[in-house]
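Here's a quick briefing to read with the structure open beside you. We'll go from the whole chain down to single side chains.

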Amino acid sequence: MGISDLWYKNAIIYALDVKTFWDSDGDGVGDFAGLTTRLDYLERLGVTCLWILPFYPSPDRDNGYDITDYYAIDPRLGTLGDFVEFVHEAGGRGIRVLTDLVVNHTSNQHPWFQASRRDPSSRYRDYYVWSREKPEHPEQHPVFPGESRGVWSYDDVAEAYYFHHFYSFEPGLNLANPDVQQEIFRIMGFWLELGISGFRVDSAPFLVRPKGKALHLHDAGAHTLLERVHRFAQWRRSEAVMLAEANVEPDKIASYFGDGDEMQMLFNFFGDSHLFLAFATERAEYIARGLSRVPSPPLDVGQWVNYLRNLDELDLERLSREEQETVFETFAPEQNMRIFGRGIRRRLASMLGGDERRIQLAFSLIFTLPGTPLFVYGDEIGMGDDLALRGRDAVRTPMQWSGEPNGGFSRASASDLVRPVVSSGPFRYERINVGAQRRPPESLLNRVVGMIAARKECPEFGWGTYRVLDAGDAAVFAHRCDWSGGTVFALHNLSARACTVTVPLDGASDGEVSELMADHRYGPVGRDPFVAELGGYGFRWFRLGDVHRPAFP
């Protein structure tokens, strides 16, 4: 295998919701035609892969995750032809596309469920999990506490109870049914045929539960479906990858990689929560702890995906209760900023008080931590949130393109927008938008562009083995990554005070140390021992030895 075969190891992933990105026809809803016209922006930004949220027909009670047709496009977003044109144009710019594979459940309006509830003899009856008597499973809890009272709901038409992990309007599919598994493969094959490069697997832990039982997630043989999903994707498109949402304990997470035959990429939930604990306490030890607790991916094929925020809540359940409270008090002091008793429903810039030094520091960390970086649309310009919106919609407001009405997102009247644009406070669209940040070289947008360019020249961060370095300062996180004869290392100061650090760096006296990226211009570094200055919330990236792109071993 070469670098291009495992393209995701050095990818830059950008997450977006089509309906809030850009509206091309003025109806107030973003669409694929609009997204296609904005591919030039994404190419200039430097992203190489897009993860797009569900765009299928849906009652839209759960931001599109309640699907009624797996083989179509929500008509508000365009047509299949628009989708194919988008994928084609993205590919021409070197940008791959991942879509959501949402097969734990359907909408209760899906034809499968309607047939299942109406006719006990229908072939679709066993597509879902039914019980004539109300089951008792006290150990099972809904995924969204406070918004769903249990995992079984009664259906008057079927005169039976049906199982669901999430909302009652999202009945769970019976994944032990071979017919359901064949439906999953048909869905995957359809979208892979249209040119996508893989899937983000929604709620992967629930795909390993046998039919309708209240079971542990990791019984022997439970991962067979994930192995088959992986194998099918590879058969149909050899470059296809599976990115799993699997928020489980560190000692269970490695099973989702399998032996390199299940998921190629996993979201690093544990690392993300510890990153924000480090921000809250200004102690680098928590980043190191987050890295040490997750297992190394198998062989060369597995990869962690590091992120700051995704389009759900910032989930803190992998921290202790005391640590959660520390993060809550720092970044979500008001109850309205929290959700599900475990998370924060704010954007990165809002949590960091709009301080561009800290936002840049956060970006620098995800671009240099071992793994593949992912960030959410709008974070590159420091967009804020709208806590007046319900639930997780607070972080899913329209992209802010300019200071024009509706932030340049749509020509529609404000009342017709799919969601309101942030129009008040320090993150209002007149102040925070792409247009205002295009030209100033020190704008957040251009700083992120520069970091992405530098990250692409440092495959060691994506491919290499890492080592945490002792910087001699509790607030400074220092680490190096080595791969194929190349070494890069980075320093990050989590505190507002400037400092000078001395870092043990084997080999520093044997070759040049070249600066690759920094929050501002610094003086020369000491060689032996390696001594460097850092400003408040400062960061610096270095290469040890000749500046080159290592060849694949």
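A residue counts as buried here when its relative accessible area is under 20%. By that cut-off, buried residues make up 63% of the 553 residues in the chain. Keep in mind that this is a predicted model.

**The chain as a whole**

- Counting secondary structure gives 15 helices and 21 strands.
- A compact globule of 553 residues would have a radius of gyration near 24 Å, and the chain agrees, with 24 Å.
- The C-alpha trace spans about 80 × 55 × 45 Å along its principal axes.
- Of the contacts with a separation of 6 or more, 69% are between residues 24 or more positions apart.
- The accessible surface comes to about 20800 Å², and carbon and sulfur atoms account for 48% of that.

**Helix α10, a helix with a buried face**

- In α10, residues 321-331, the buried residues are Glu323, Gln324, Val327, Phe328 and Phe331.
- Look down the axis of α10 and these buried residues fall within an arc of 140°, so they line one face of the helix.
- The general rule behind such a pattern is that an α-helix has 3.6 residues a turn, so residues three or four places apart point the same way.
- Glu322 and Glu329 sit on the other side of α10 and are exposed.
- What do the buried residues of α10 pack against? Their partners are the helices α8 (269-281), α9 (285-293), α11 (348-351) and α12 (356-368), plus the strands β12 (338-339) and β13 (343-344).

**Asn310 and its loop**

- Asn310 is in the loop between β10 (303-307) and β11 (314-315).
- Is Asn310 buried or exposed? With a relative accessible area of 7%, Asn310 is buried.
- A polar atom of the Asn310 side chain lies 2.9 Å from the backbone nitrogen of Asp312.
- Leaving out residues up to four places away in sequence, Asn310 touches Phe269 and Val376.

**Salt bridges**

- The count for the model comes to 32 salt bridges.
- Glu313 pairs with Arg392 in one of them, with the closest N and O atoms 3.8 Å apart.
- Glu313 is in the loop between β10 and β11, while Arg392 is in the loop between β14 (372-376) and α13 (434-437), so the pair ties together parts that are 79 residues apart in sequence.
- Both partners are buried: Glu313 has 8% relative accessibility, and Arg392 has a relative accessible area of 11%.
- Asp393 and Arg390 also meet through their side chains in a salt bridge, at 3.7 Å from N to O.
- In that pair, Asp393 counts as buried at 10% relative accessibility, whereas Arg390 is exposed, with a relative accessible area of 53%.
- Asp482 forms a salt bridge with Arg480, and here the closest N and O atoms are 2.8 Å apart.
- Asp482 counts as partly exposed at 21% relative accessibility, but Arg480 is buried, with a relative accessible area of 5%.

Terms used. Residues are numbered from 1 along each chain as its sequence is written. This is a predicted model: local features need pLDDT of at least 70, side-chain atom pairs count only at pLDDT 80 or more; totals for chains, interfaces and linings use all residues. Side-chain values use heavy atoms; hydrogens and water are left out. Buried means under 20% relative accessible area, exposed over 50%, partly exposed in between (1.4 Å probe, protein chains only). Helices (H or I, at least four residues) and strands (E, at least two) are DSSP runs, numbered from the N terminus. The arc is that of the directions from the helix axis to the C-beta atoms. Contact means heavy atoms within 4.5 Å. A polar contact is a pair of N or O atoms within 3.5 Å; within protein, one must be able to donate a hydrogen and the other to accept it, and residues adjacent in sequence count only if both atoms are side-chain atoms. The radius of gyration is taken over C-alpha atoms; the globule rule is 2.2 Å times the number of residues to the power 0.38. Accessible areas come from the Shrake-Rupley method with a 1.4 Å probe; for residues, only the protein chains shown count as cover. A salt bridge is a side-chain nitrogen of Lys or Arg within 4 Å of a carboxyl oxygen of Asp or Glu.
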